[in-house]
Amino acid sequence: MLFLLAALLTLPRWLPTALAALLPAGWHLDELALAGDGGRLPTVARLSLSVDGCRLLGLDDGRITLGWRGMVPVIEAVGIAALVVDPACLGASRTPLRPREPFAPVGGQQAVGLLVIEQLRVAGWLPEPHRVELVAAADAVQVAVTGAALRVDGRWVPGTGQGEFRAGLPQGGPITDLALQGSVRAGPDLAAGVAVATRLEGVLPLTGSRLDGEVEGRWQKDGVTVTALRLGLDQVATPALTAARIGLELEAPARFDPTSGQLSVVAKVGAERLNLVDAGRLDRPTATLSVTGDLASLEWRAEGRAAGGLGPVAGAGRWSATRLDGRFTLDGQALPALQALLPPTLPVELEGGSASAEVTLTWPDGEGTELGLGGELRVADGRLGGTHWAADGVEVRMPFHFQGREWRLGGPRGGQVTAGRITAAIPAESLSVRVAGAWPWSARAPLLLDGLRLRLLGGEANLETLRLPQRGRAAILRLRGVRLEQVSALHGDEVVSLGGAVDADLPLHLDHGSLLIEDGVLRNATPVRLRLTDARAIEAFKANNPGLAQAADWLSDLHVDRFDGTLSLRRDGQMVVAATIEGKNPQLGDRPVRLNYRHEENLLHLLQSLRIGSDLAQGIEQRLSPESRRR
């Protein structure tokens, strides 16, 4: 035993040569630097060991604490400041390690005795500011990792094949204050696998959402299998949407093969509610998501639905490195199911028809980190209703693109919107318009309405181009061939009868603070006829106004050859019409009549008059009645 003690105390002088002699063929001691410590066991300042040119071990600043168990020397602890181990150096192609004869350091005599390591401690070999500490003893193995990005505390009991661990991510990580707590189980043969069960809780720093979940799985030689997974988020808020009570669960066990990098996952994702910013909401949306492939290029498929009959929406795509691509399709969707997607303040009811859409998704979008969407929406045989209007036979073909929180509508050719019939205060039919530009619009990114056409009051209306915002440039609404008979029928006045057709050019100022139409031009397109049809009312008027008796006679049947005037309309509905009328009454000879006419009336009040209001309300009520919806 004294020989052994002497050998330990003189370690720095003979150990390098002795180790080199002990190493198997192909093994090489590259460097060993020892420092004496006042007669105690020395400190290993640096150690480097290689196998066939592969650096197996690198060690800095090793310390050994020596004790005694009776007459037996015991290494009570081993401390290592920095340690690098490359297990690949011991691959099948490397030289195997075979024990040699016991080393005899003194006089050719073998040292006889027992050296017992009570505890092995390794600490410090992680990049700053992180630190790992491993303590291996006969009864348990404990590991602790501390640092700014990760915290781990674990314990393994070899005899039982069971262990437990706690881990966490402190402030500043992708998941703030993430805490994991779980257990590990393994049989005598580790090749059979190690089972892990974990519960986790944390907070997502970008959204403040609380995360909780449970994971169960097995780590085997051929890969990792997750048998159960449940994740939940209380809420998520982004610039585009907010979601409440989000959940994810596996539909089948998920597998990952670390050798090939192959991943296979089928999961169900759902939420209690999904609110779209500046739009509507989805109740109880769910989606089944399948992901397969290697980590460098994953393929995914999805199918989603929501309450109210929305769906299915099918999607497929690829995740490659830092880019996500996908394509979604919605085919034959009943239009009323999309009502939930509209802003609740929008007074439009999707009453009938069908819709389909194709959408491509890209993230990042190629111009930054924003989400990019593009596609086309189509509506067939739609029926829409509003507070004071209803539309039938609506057809929509609307390409769109979303980027940088801005919608671009129409594409290069423009989107097309048509409607067969519109029931309103002034009925119309055969509406068509092309749409292109930004939504919401701005001076930098305007919205254009081109080629607006519709038939109304026996004539036609067209608007070549409307640019929003107008920025002071009026858009000219042109009315051609408007029949005065239909205008008179709207008013429901049985005393005055109008006939003929008129034209109008009306400058629209839709973004003006007070004006809608300023100095619009009115003129007759055909000869116009004005008749006072209630003879008793005419005679009573003449009796009460003798000075206007002759004018009343002229107006009893006035044939107008020339009608010129102007029309202005304010936002509050106040309308002013000034006109010059020239004509004659055949019953009173060929004497020409010239009248200067000025009329002021609130157009909104006029449209809300009893005759128009009752007819309109009845028409819209019929259009939106349950019987009509079943047609």
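The points that follow concern ring pairs and a surface patch.

1. The model is predicted: local features need pLDDT of at least 70, side-chain atom pairs count only at pLDDT 80 or more, and totals for chains, interfaces and linings use all residues. Residues are numbered from 1 along each chain as its sequence is written, and side-chain values use heavy atoms, with hydrogens and water left out.

2. Four aromatic pairs are found in a search of the whole structure. Rings of Phe, Tyr and Trp (its six-membered ring) pair if their centres lie within 6.5 Å; planes under 30 degrees apart count as stacked, over 60 as edge-to-face and the rest as tilted.

3. W300 and F328 form a tilted pair, because their ring centres are 5.7 Å apart and their planes lie at 40°. The pair links distant parts of the chain, 28 residues apart: W300 belongs to strand β20 (residues 297–306) and F328 to strand β22 (residues 323–334). Strands are DSSP runs (E, at least two residues), numbered from the N terminus. W300 is buried at 11% relative accessibility, whereas F328 is partly exposed at 25%. Buried means under 20% relative accessible area, exposed over 50%, and partly exposed in between (1.4 Å probe, protein chains only).

4. The rings of F402 and W407 are also tilted, since their centres are 4.8 Å apart and their planes at 50°. F402 is buried at 13% relative accessible area, while W407 is partly exposed at 32%. Ring pairs join F400, F402 and W407 into a cluster.

5. W441 lies in the loop between β28 (428–439) and β29 (447–456) and is partly exposed, with 36% relative accessible area.

Terms used
Helices (H or I, at least four residues) and strands (E, at least two) are DSSP runs, numbered from the N terminus.
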